[in-house]
Amino acid sequence: MRDVRMRGFAERADVEEVEAFLAGTVARLGPEPVDLLACVGRVLAEEVTSEFDVPGFARSAMDGYAIRGEDSYGSSPYDPLRLELIGESLPGALFAGRVEAGQAVRIMTGAPLPAGADAVVMAEVCEEIQGAVELRGAVAPRKNVGAAGEDIRAGTLVLEAGRRLRPQDGGLLASIGVSSVACVRRPRVQLLITGDELLPPGSRPEGARIVDSNSVVLRALVERDGGELIPHSIVPDRAELIRSSLQDSEAEVLLVSGGSSVGQEDHAPRLVAELGRLDFHGVAMRPSSPTGIGRLPGGEGDRFVFLLPGNPVSCLCAYEFFAGPSIRAMGGRPLEWPHRRVRLPLARKISSAIGRVDSVRVAVEKGRVVPISTSGASILSSTVRAAGAVIVARGCEGMPEGEEVEVLLYDEVTP
């Protein structure tokens, strides 16, 4: 491997080449059992088929009286019909007897329909009088009754493999008696934050030292993408310490923040190449051109290493392009970016250079896209002012004022 420290990159890989490599190399992890109460947000590894009818019994759809429907024929507000009241059925407490001709059972919504009854007349058209109930309206058989299995039939495929479980999916699993489900294992992700100048998050800046912000951003992004974070600490810019951190990690994915470029203290690329393989170092994009991707041996297969630039904007950009999709794919989620997209006209032009991909931070003002003027990769506040980003393809010199562009929104709600 050519040591690029203090020399610069001889060439840079195309973004599309790196993305294609990751799409063809990153594999979904295997299944693991997940408790029902922890399954929401996870990805199903296997399809789920119900063993039960839901509900498992015919039940009342409203408060009223369970009767034989034919017994109510002819009743009306002007000609009520009286039935013998013989008991009641409550949710979880079935009436033990049987409804015969001329009889009724008081019943609550969701309660089992008593044997012999086939309809429920709602309470609003009934009146109890001395051990009997007067009906002032007729109901047909099966009226106001939920049939057994009307929600789910035993043997029905209810959830397919690959589905990311939503809260209502968890509720459905509970309704069919599932206590745990097989989900794709979440990739274990470790942050290696490097830099002698860094103070831990929560510290106050002092002298020539700055507070590490990348770990705060990366932690949230990894959680968004379904990764399982392994505890980390800041690693000084010393080759032997970085080497140990790379070798000792049990993670499937290592995110190395800082030390990825061509400076004297940028040890990580050389160490990844020595310990495993450095597939890419230097990508034709702005920001994030010093990004690297490599693999280390260990565990069930190769461990992926993403060398993310230390500058905060570059770190965010490199994660979104390369690390994020890989973490999502390992956990069974789509490779595609999770951002919501809108198309809006440009308020002023965007300039770019052919041969590289540009990620341009933009604001949205009065329905128009405004490029953020700050271009520095260390200006984290520019990402806070931005509503999202516009990606300029490598074959494009820019976009003129008024052109409709696609914005990848940082937030879920339209600004």
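**Close-up 1. Contacts of Leu22 in the predicted model.** Once its neighbours within four places in sequence are left aside, Leu22 is in contact with Ile293, Phe304, Phe306, Phe322 and Ser326, as seen here in a model that is predicted.

**Close-up 2. The largest nonpolar core and the elements that supply it.** This core has 41 residues, and those that touch the most other members are Leu22, Leu255, Phe306 and Phe322. At least two residues of the core are supplied by each of helix H1 (15–25), strand S12 (180–184), strand S13 (188–194), helix H3 (214–224), strand S18 (253–257), strand S22 (303–308) and helix H6 (312–330). Helix H6 gives the largest share of the core, which amounts to 11 residues. Another core, made up of 15 residues, lies apart from this one and includes Val48, Leu159, Leu165 and Ile176.

**Close-up 3. The surroundings of Ser60.** Ser60 belongs to strand S3, which covers residues 59–60. Because its relative accessible area is 3%, under the 20% cut-off, Ser60 counts as buried. When its neighbours within four places in sequence are left aside, Ser60 is in contact with Ile107, Met108, Thr109, Gly110, Ala111, Val120 and Asn144.

**Close-up 4. The largest pocket and its lining.** The volume of the largest pocket is about 330 Å³. It is lined by 17 residues, of which Arg164, Arg224, Pro338, His339 and Glu412 are the closest to the centre of the pocket. Sorted by class, the lining of this pocket consists of nine charged, five nonpolar and three polar residues.

Technical notes: Residues are numbered from 1 along each chain as its sequence is written. This is a predicted model: local features need pLDDT of at least 70, side-chain atom pairs count only at pLDDT 80 or more; totals for chains, interfaces and linings use all residues. Side-chain values use heavy atoms; hydrogens and water are left out. On a 1 Å grid over the protein atoms alone, a cavity is a set of points where a 1.4 Å probe fits but cannot get out, and a pocket is an open set with protein on both sides within 12 Å along at least five of seven lines; lining residues have an atom within 4 Å of a point. Grid points are joined across faces, edges and corners, and a volume is the space filled by probe spheres set on the points. Ala, Val, Leu, Ile, Met, Phe, Trp, Tyr, Cys and Pro count as nonpolar, Asp, Glu, Lys and Arg as charged, and the others, Gly among them, as polar. A nonpolar core is a set of buried Ala, Val, Leu, Ile, Met, Phe, Trp, Tyr and Cys residues joined through side-chain atoms within 4.5 Å. Buried means under 20% relative accessible area, exposed over 50%, partly exposed in between (1.4 Å probe, protein chains only). Helices (H or I, at least four residues) and strands (E, at least two) are DSSP runs, numbered from the N terminus. Contact means heavy atoms within 4.5 Å.
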